[in-house]
Amino acid sequence: MAMFLSPDFCHAQVVHYFGVGSNMCRSKVEGRGADSQIELLRFQPAVVRGHRLAFNLRGFAPLEPGMGSLEPHATSEAHGALMSMPAREYQKIWLSEGGGQARPAYEEVVVEARPYGGEPVKAIALRAREHARLREEACPSERYLSLLLTGAAELGLDPSYVARLKAHPTQIVPPTLHSIAVHYLFFVALLFQLQMRPLIEALSALLWRVHVPSSHPNRMLRGLSNAASTLLLTPGAAIGCIVRLGMWASCTPPPPLLAKYAKMRPGCRKSPCGPCS
C-alpha cells in the first residue's frame, strides 16, 4: 500500500505526483502498471522550489551508480513532470518503485509543485530513504541521463535547466568492465530468483567500498577502483555468462532492462544502441 503522508491524500480520488527522474517520460510512466497501462489525467511541466534533483539513490556500481531523487535544498529548484491521476493509478507507480518491498528504497514526501504558468498544488514526490541514500552523490549512467533528457525535451522544460542536465557528468565504464558488469547482473538476477537477498546486499556493499566515480579527478584512484571492481565482479560474471547462455539456448528472453544493457555500447547516450561489437 502507498503511504500517503498528508491527510489531503488519504481519501483523495485524484492524486498529483511530481517526477524528476525517468518518470519525466510519459511512456515510461504509462508502462509502469504491472497488469495494465497507467491512466494519466494530466501530464505537464512544473517546478518545485526549495528542492533539487540529486543522484543519490544507491544503484549498481559501477554500471548504474546513482538514480534520481528529490532532495530538500533551500536555494535550488527542481523541474519535472506533474501528473494527475486516479489514486488507484498512483498506487501502481508506487509499487513499481519498490513500494511493496519490506524496505522500500524511496519514501514519499509532499511538495508544492507549480505548473508552468499555473497555480501550485500539493503533490507527492519520491526521496531516497536513509538506508538507500548515498553519502556522496554518484554519477548517473549515460542510459539513465538519456531518459531524463528525453523526458525533459518532451515536457518542454526550462532550457537553462535542460542545459544543466546535459552538462552533468555521467559514469564512464571501460568496455571490458562494462561487459563483466552486464554479465554480473545476470548472476544477480539468478540470486533474486533464489531469494538470496542478504548475499546480494553483501556483494553490493563490497562493490561500493571500492567504487570511485569516473568523474573523480584522481586518475590513479579511478584505475584502482576499476581494477578492484573487475576482481569482485568476475566470479559472478562467469556464472552470469552461463545463465545468459542458458536463456539463449532455451529461447528465454532476459528481463527488459538486462536486454537493454546487453545491447548498449559503453559511453553511448542513445539507448539502446544495438549489439556490441
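# Reading helix faces and helix pairs

Tutor: On the side opposite its buried face, helix α5 carries the exposed residues Pro 159, Lys 166 and Ala 167. The model is a predicted one.

Student: Which residues of helix α5 are buried?

Tutor: In α5, which spans residues 159–167, the buried residues are Tyr 161, Val 162 and Leu 165. Around the axis they cover an arc of only 100 degrees, so they sit on the same side of α5.

Student: What covers the buried residues of α5?

Tutor: The cover includes strand β2 (42–60), strand β3 and helix α4.

Student: How should I read the packing of two helices?

Tutor: Two packed helices are described by the angle between their axes and by the distance between those axes. Take α4 and α5: their axes come within 10 Å and cross at roughly 165 degrees. An angle over 145 degrees counts as roughly antiparallel, so α4 is roughly antiparallel to α5. The crossing of α4 past α5 is left-handed.

Student: Which residues make the contact between α4 and α5?

Tutor: From α4 they are Leu 145, Leu 148, Leu 149 and Ala 152; from α5 they are Val 162, Leu 165 and Lys 166. Sorted by class, this contact of α4 with α5 has six nonpolar, no polar and one charged residues. Val 162 and Leu 165 are also among the buried residues of α5, while Lys 166 is among the exposed ones on the face turned away.

Student: At what angle do the axes of α7 and α8 cross?

Tutor: Helix α7 (residues 197–210) and helix α8 (residues 219–249) have axes that cross at roughly 165 degrees and come within 9 Å. α7 is therefore roughly antiparallel to α8. Here α7 passes α8 in a right-handed crossing. On the α7 side the contact is made by Leu 206, Leu 207 and Val 210, and on the α8 side by Ser 225, Ala 228, Ser 229, Leu 232 and Leu 233. By class, the contact of α7 with α8 holds six nonpolar, two polar and no charged residues.

Student: Which residues of helix α9 are buried, and where do they lie around the axis?

Tutor: Leu 258, Tyr 261 and Ala 262 are the buried residues of α9, which covers residues 256–263. Viewed down the axis of α9, they fall within an arc of 100 degrees, so they line one face of the helix. The buried residues of α9 pack against β3 (64–86), α4 (142–155), α6 (175–193) and α8.

Student: Is Gln 44 buried or exposed?

Tutor: The cut-off for buried is a relative accessible area under 20%. Gln 44 has 14%, so Gln 44 is buried. Its place is in strand β2. Apart from neighbours within four places in sequence, Gln 44 is in contact with Gly 80, Ala 81, Leu 82, Pro 115 and Leu 155.

Key:
Residues are numbered from 1 along each chain as its sequence is written. This is a predicted model: local features need pLDDT of at least 70, side-chain atom pairs count only at pLDDT 80 or more; totals for chains, interfaces and linings use all residues. Side-chain values use heavy atoms; hydrogens and water are left out. Axes are lines fitted to C-alpha atoms, for helices over the stretch in contact, and angles run from 0 to 180 degrees between N-to-C directions. Helices (H or I, at least four residues) and strands (E, at least two) are DSSP runs, numbered from the N terminus. Angles under 35 degrees count as roughly parallel, over 145 as roughly antiparallel, 65 to 115 as roughly perpendicular and the rest as oblique. A crossing is left-handed if the near helix is turned anticlockwise from the far one by less than a right angle, and right-handed if clockwise. Contact means heavy atoms within 4.5 Å. Ala, Val, Leu, Ile, Met, Phe, Trp, Tyr, Cys and Pro count as nonpolar, Asp, Glu, Lys and Arg as charged, and the others, Gly among them, as polar. Buried means under 20% relative accessible area, exposed over 50%, partly exposed in between (1.4 Å probe, protein chains only). The arc is that of the directions from the helix axis to the C-beta atoms.
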